[in-house]
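Biologist: I have a model open and would like to learn how to read its features. Could you take me through them one at a time?

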Amino acid sequence: LKDVAFVNYNNHNHHVHNNIHHTNPSKSTPAATSSEGGAAIIASEDPPLPPSNTNTTTIQQQHQHQASSSAVNKLLVHNLETKEAIGLNTLDTPFAFENEYFKGHFLLLVRPPEDTDVDQAAVHYFHDKQRRFEFQFQGRIKQLPGGDGSNNTIYMAMELENCPKFGMIQKTMVAGALAFVKKMNRGFHYSVNPYTKSEDGRYEVPHLAFPVDSCIDRLVITPPQGMPPPVLGRPIEEDAAQIKARKKGQFAVRWNLEDVYTLSVYSAYVDWTQWKILGLPGIRPFGITSVTGAQPVRMLFYSLPGSQQQQQQHSDASNNEGGGGEVKQHLVCHKRVFSMIELAHEDKTVGGVAQEMMMLRQQQQQQQ
């Protein structure tokens, strides 16, 4: 379901952005359908060099391997609460985190280039999959959604710090695409409106948000007694009947403080290492910056207040896109954030914690 949002949101923007940089179509291969969101593996534009005993070829292969490794390293991920850098493809050492709402681990996997000799464990993990990334989360919640459990929804969202700049035609097409996604996905919430920050947090940042129950790709609930939870770094297996029920909105998670929750989100459409959307049938790959601008993207899990009084405060705050008797705004001051990470790219984005930490390291190096 989250892929539908990405596809529609970016697909409509793609048609109205005339300045999007395209790759050479002569080097692309037709998309093939897949069980992972109907996406496809795009063939490498620069196939590996044939075997050779010459020193020249050996040097070229070394340069290729170095470039492959650096391609993954250009994706910069930070825990926004602590500003700690989160390593990629660390299959045996998930990133531990804890706040007042959640305690657990992250494991962020991205598809490395096939010719790399650095991330062999990640190459093996992705070799029979068409997804381009997989983010795994596991842990226990420390407070019920909404504070008292009366609002039992936890959202997974992608957020931006700054509102995308759209022309009139672009804005109309984006609004139409998002309205369609909202109609097709129960509980989907979005905002692409300009906003003004305030100290009390009564504002809403640009975002796309889905209920975890229906949007997450894999969800495994492990009670305190019984089998151990899934091991991060390995495929997360969920009962097929439960997946089907979740996607149809027929299965609602009853969050509690005892069970261990293991979540996996992945996509064959988004390549974070290249900062591109690709694999859409009939659409050439295009940069994420053509939609979001040159800013990092935040990924977070959160809940909203559950009491009638707090819900009314939401409804009175604005006439935003919520509609249909739903909470009309996801205000910053009302979010109970279980986890939040920032995704940035060394060459494609500006600002955020990633740039802040890079500047700090440069200053430290200069002082030494």
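Predicted model: local features only at pLDDT ≥ 70, side-chain atom pairs only at ≥ 80, totals over all residues.

Biologist: Which residues of helix 6 are buried?

Modeller: The general idea is that an α-helix has 3.6 residues a turn, so residues three or four places apart point the same way. In helix 6 (residues 240-247), the buried ones are Ile-243, Ala-245 and Arg-246; buried means under 20% relative accessible area, exposed over 50%, partly exposed in between (1.4 Å probe, protein chains only). Seen down the axis, the buried residues of helix 6 fall within an arc of 165°, so they line one face; the arc is that of the directions from the helix axis to the C-beta atoms. On the face turned away from that buried side, helix 6 carries the exposed residues Ala-240, Ala-241 and Lys-244. Just after helix 6, Gly-249 takes a positive phi of about 75°.

Biologist: Now the sheet, please. What is the order of its seven strands?

Modeller: Strands of a sheet pair through backbone hydrogen bonds, either parallel or antiparallel. Here the open sheet has the order 2-1-15-14-6-8-7, with antiparallel pairing; two strands pair if DSSP finds at least two bridges between them. Strand 2 (84-85) and strand 7 (189-191) are the edge strands, each pairing on one side only.

Biologist: How many residues of strand 8 are buried?

Modeller: In a regular strand the side chains alternate between the two faces of the sheet. In strand 8 (residues 207-211), five of its five residues are buried: His-207, Ala-209 and Pro-211 point one way, Leu-208 and Phe-210 the other way. Strand 8 pairs with strand 6 over five bridges, and Pro-211 is the bridge partner of Tyr-155. Three bridges join strand 7 to strand 8, where Leu-208 is the bridge partner of Tyr-190.

Biologist: And the rings: are Tyr-155 and Tyr-302 stacked or edge-to-face?

Modeller: A pair of aromatic rings is described by the distance of the centres and the angle of the planes. Rings of Phe, Tyr and Trp (its six-membered ring) pair if their centres lie within 6.5 Å; planes under 30 degrees apart count as stacked, over 60 as edge-to-face and the rest as tilted. By this rule the count comes to 16 aromatic pairs. Phe-102 and Phe-338 form an edge-to-face pair, 6.5 Å centre to centre with 90° between the planes. Tyr-155 and Tyr-302 have their centres 5.6 Å apart and their planes at 25°, so that pair is stacked. Tyr-155 lies in strand 6 (residues 155-159) and Tyr-302 in strand 14 (residues 297-303), 147 residues apart.

Technical notes:
Residues numbered from 1 in each chain as written. Heavy atoms only, no water. Helix = DSSP H or I, 4+ residues; strand = E, 2+ residues; numbered from the N terminus.
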